[in-house]
Amino acid sequence: MDALNVTAGKPKIGGAVFRAPVGTALPTDAKTALNQAFKTLGYCSEDGLVNANSPSSNTVKAWGGDPVLNYQDAKNDTFKFKLIEALNVEVLKAVYTDENVTGTLAAGITVKANSKEQQEMAWVFDLTLKGGAAKRIVVPRGKLTAVGDIVYVDNQPVGYEVTISAVPDTAGQTHYEYIIAATSSTG
């Protein structure tokens, strides 16, 4: 046991959530600069990032009710977070699809809400841990599969609570995690 190994995850200064088209060169460590195709999605709510990655199983019972077999039937890997930069065009594209958002804030943004299916994207989450250690979570193929209610009130930011569902890449992995101790090059 070592209390020095206990940590909390804060967003990396300069951006914590990024997305790019599937096929974009992915990082393979916690500190290398991201490919320019990755776009930052700005601030997230104080609720942070929640990764649900638990297997679900089924139990087969024999006549009389004795459990005789347990087997895994799924292992969903999801990431839930709330984007709160509602005026950020990249956020709107992440929520409504790239094709349904046009323009700029200065010239005017148009958002089309429809049933167009989301495309899989590559996702990166950059965190800073205790002592300045860097952690990077890379989702090679993830699709936005849920958007929470969008609330417009005067005492909280407009936000988009989204769930990204990861699917296996060609190596069978749904996500990768890279962690490295603080150094002068981890920013």
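In this predicted model, G103 stands opposite I109 in strand β9. The two residues belong to a pairing of β8 (residues 101–104) with β9 (residues 108–111), which is antiparallel and comprises four bridges; strands count as paired if DSSP finds at least two bridges between them. Three residues separate β8 from β9 in the hairpin that they form. Helices (H or I, at least four residues) and strands (E, at least two) are DSSP runs, numbered from the N terminus.

Residues are numbered from 1 along each chain as its sequence is written, and side-chain values use heavy atoms, with hydrogens and water left out. Because the model is predicted, local features need pLDDT of at least 70 and side-chain atom pairs count only at pLDDT 80 or more, while totals for chains, interfaces and linings use all residues.

Five residues lie between the strands of the β10 and β11 hairpin, where G131 has a positive phi near 75°. Strand β11 is also joined to β13 (residues 176–180) by five bridges, again in the antiparallel sense, with Y178 of β13 as the bridge partner of R136. Five bridges likewise connect β11 with β12, and this pairing is antiparallel; here A146 has T163 in β12 as its bridge partner.

The packing can be described through nonpolar cores, defined as sets of buried Ala, Val, Leu, Ile, Met, Phe, Trp, Tyr and Cys residues joined through side-chain atoms within 4.5 Å. Buried means under 20% relative accessible area, exposed over 50%, and partly exposed in between (1.4 Å probe, protein chains only). The largest core holds 23 residues, and the members that touch the most others are V17, L41, F81, W123, F125 and V162. At least two core residues come from each of β7 (77–83), α1 (89–96), β10 (121–128), β11 (134–147) and β12 (160–166). Helix α1 gives the most, with five residues. Beyond four places in sequence, F81 touches V17, C44, G48, L49, W123, F125, Y160, E161, V162 and I164, a contact being heavy atoms within 4.5 Å. A second, separate core has nine residues, among them F18, A122, A134 and V138.

Helix α1 is mostly covered, with six of its eight residues buried. These are V89, V91, L92, K93, A94 and V95. After the helix comes T97, which has a positive phi near 85°.

Strand β7 contains D77, which counts as buried because its relative accessibility is 2%. The side chains of D77 and H175 are joined by a polar contact of 2.5 Å. Such a contact is a pair of N or O atoms within 3.5 Å; within protein, one must be able to donate a hydrogen and the other to accept it, and residues adjacent in sequence count only if both atoms are side-chain atoms. Apart from neighbours within four places in sequence, D77 is in contact with N51, A52, N53, I164, S165, A166, T174 and H175.

Side chains of opposite charge can pair when their charged atoms come close. The structure holds six salt bridges, each a side-chain nitrogen of Lys or Arg within 4 Å of a carboxyl oxygen of Asp or Glu. One of them pairs E161 with K80, with 3.9 Å between the closest N and O atoms. Since E161 is in strand β12 and K80 in strand β7, this pair ties together parts that are 81 residues apart in sequence. Both ends count as partly exposed, E161 at 32% relative accessibility and K80 at 38%.

In another salt bridge, the closest N and O atoms of R141 and E120 are 2.7 Å apart. This pair links R141 in strand β11 with E120 in the loop between β9 and β10, 21 residues apart. R141 is partly exposed, with a relative accessible area of 29%, and E120 is partly exposed at 28%. A salt bridge also joins the side chains of R136 and D126 (2.7 Å, N to O), connecting strand β11 to strand β10 across 10 residues of sequence. Here both R136 and D126 are buried.
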